Amino acid sequence: MSSGYTRIPYLISFAEQNDFKDTYAGPMNHVALEAHLLKPERASDTVIVFMHPIGGGAYLPMVSAMARAGHHVIYCNSRYRGVDSALIMEKVVADLGECIRDARERLGYKKVVLAGWSGGGSLSLFYQAEAEDPRITHTPAGDPCDLVARGLILADGVMLLAAHISRAGTLTEWLDPSVLDERDPSQRDPALDIYSPDCPAQPPYDDAFVQRFRAAQIARNRRITHWVQDRLAALRADGWHQEEFAFITHRTMCDVRWLDPTQDANERRPNWCYLGEPRQVNNGPVALARFNTLRGWLSQWSYDLSNANGLTCAARLSVPVLVIGNGADDACTPSHTHRLFAAIGHDNKQLHEVAGANHYYFGQPDKLAQAVARCDAWLRAHDFG
């Protein structure tokens, strides 16, 4: 095992053609991606590539721990680093494709393994599905973004690490279903307002209430999606084909799992989520999907229209897959881990859960070591060492 590595920051620069104007690219749709190569002394023909849709994870514990274990690692930020209000998942796939192309053609790695951490899991599945079986030529908003013509380079394997099923699926499971009016979130259905002491349903929740709660979450997502489609159509009817409209989605950290530990049970702390006390997060400015644009909503958050569905993408893969879940995860709970594993449409897959591990392994070096050891064994067993 190696204990040291050299961190090499660099840029991946490319020009897009024949795509709609991108707020996060220059006037010629020129894109520059910030990347970090973590390079141990040991030579290797394989590189592990991490990317999250909104980036910022170059210093996550797993990234550096894999490098300290002797594996070559790239963490690449998408063009949307730190800001997802106008994020287009199809564009993020294009960014990941440029990183993989650069790793093979410029850096000389023969094999690439995608490492999908948290929201990077469904991104990795989306990318690999389009590389193996390209289908997408437009975004859910109908704008051109031709992933078929890009000729995405295949990765050789995928590791899903504390991953959720998709941004759209996760948001929908966290939407506050009590909101009756998107313009005035104080107007709520008291029978679904689980953070109110007056809510008639109290934990532990019965199956009938949970089913009603989940159905109302999906219905709210669909209401927002229909409003977005209507608003976008109105803009285009007025001749505004490139312009956007920004809006806020209120109350997006509301889940029976946070208040009732028997729901999707694991070892997580009750009345807590990965961002803190869930009732406060539900009303705060930093919860998932708080700030949106029309196209960004359809691509990332629409329950029915987003192409970045990890479950449907997983079924299209042929490469080996490792799935690791964390036993005390307060973001990506066990059902996400097991749904992803079940969705993989072949038998060359492995599942491992790290008992007691939280989402980021914060304060848990022993749990991090267990996850790294499992990844290391899987990589070497598939000649990705």
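**Exercise 1.** State how many residues line the largest pocket and which lie nearest its centre.

Solution. Step 1: in this predicted model, 31 residues line the largest pocket. Step 2: nearest its centre lie His-52, Ile-54, Arg-167, Tyr-274 and Leu-288. Step 3: the volume of this pocket is about 630 Å³.

**Exercise 2.** Which helix gives the largest share of that lining, and how does the lining divide by class?

Solution. Step 1: helix α5, residues 167-174, gives the largest share, with three residues. Step 2: by class, the lining of the largest pocket has 17 nonpolar, 11 polar and three charged residues.

**Exercise 3.** Describe the second largest pocket.

Solution. Step 1: its volume is about 360 Å³. Step 2: 21 residues line it, and Ile-165, Gly-169, Glu-173, Tyr-303 and Arg-339 are the closest to its centre. Step 3: at least two lining residues come from each of α5, α6 (207-237) and α11 (334-343). Step 4: the classes are seven nonpolar, nine polar and five charged.

**Exercise 4.** How many cavities of 30 Å³ or more are there, and what lines the largest cavity?

Solution. Step 1: there are two. Step 2: the largest cavity has about 40 Å³. Step 3: its lining is Phe-50, Met-51, His-52, Leu-60, Tyr-75, Ala-115, Trp-117 and Gly-120. Step 4: six of these are nonpolar, two are polar and none is charged.

**Exercise 5.** Give the volume and lining classes of the second largest cavity.

Solution. Step 1: the volume is about 30 Å³. Step 2: the lining residues include Arg-42, His-71, His-72 and Phe-384. Step 3: three lining residues are nonpolar, five polar and one charged.

Methods:
Residues are numbered from 1 along each chain as its sequence is written. This is a predicted model: local features need pLDDT of at least 70, side-chain atom pairs count only at pLDDT 80 or more; totals for chains, interfaces and linings use all residues. Side-chain values use heavy atoms; hydrogens and water are left out. On a 1 Å grid over the protein atoms alone, a cavity is a set of points where a 1.4 Å probe fits but cannot get out, and a pocket is an open set with protein on both sides within 12 Å along at least five of seven lines; lining residues have an atom within 4 Å of a point. Grid points are joined across faces, edges and corners, and a volume is the space filled by probe spheres set on the points. Helices (H or I, at least four residues) and strands (E, at least two) are DSSP runs, numbered from the N terminus. Ala, Val, Leu, Ile, Met, Phe, Trp, Tyr, Cys and Pro count as nonpolar, Asp, Glu, Lys and Arg as charged, and the others, Gly among them, as polar.
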